[in-house]
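Dear colleague,

Please find below the structure that I am handing over to you. My notes on it follow directly after.

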Amino acid sequence: MALSDTVSKNIQLVRTQQKLSQQALAKKARISVSYVSMLERGIRVPPLDTLEVLAKALGVAPLYLCQELTEPKAGRRSK
């Protein structure tokens, strides 16, 4: 799987595991809801600074969003 596909899948997966709406994530990350939607559908690929902001809003390390996860665990905190 391409890295961009992995990131898209993981953003959506962690968000839904945390029971956050796209709107709630967008507000926490200070980005638009439509951008969150495009990221999750793989239409857009986030630049590194945006990936970092999203990871912080989700409470995970940026690298966590880039890994192919076998058993994703929402709420993993970055150090």
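The protein has 5 helices and 0 strands, where helices (H or I, at least four residues) and strands (E, at least two) are DSSP runs numbered from the N terminus. Read from the N terminus, the order of elements is α-α-α-α-α. Please note that this is a predicted model, in which local features need pLDDT of at least 70, side-chain atom pairs count only at pLDDT 80 or more, and totals for chains, interfaces and linings use all residues. Residues are numbered from 1 along each chain as its sequence is written, and side-chain values use heavy atoms, with hydrogens and water left out.

Of the 79 residues, 35% are buried, that is, under 20% relative accessible area with a 1.4 Å probe, protein chains only.

The whole structure contains 1 salt bridge, defined as a side-chain nitrogen of Lys or Arg within 4 Å of a carboxyl oxygen of Asp or Glu. Its partners are Arg15 and Glu40, at 2.5 Å from N to O. Because Arg15 belongs to helix 1 (residues 3–17) and Glu40 to helix 3 (residues 33–40), the pair ties together parts 25 residues apart in sequence. Arg15 and Glu40 are both buried.

Yours sincerely

Notes:
Buried < 20%, exposed > 50% of the residue type's maximum accessible area, 1.4 Å probe, protein only.
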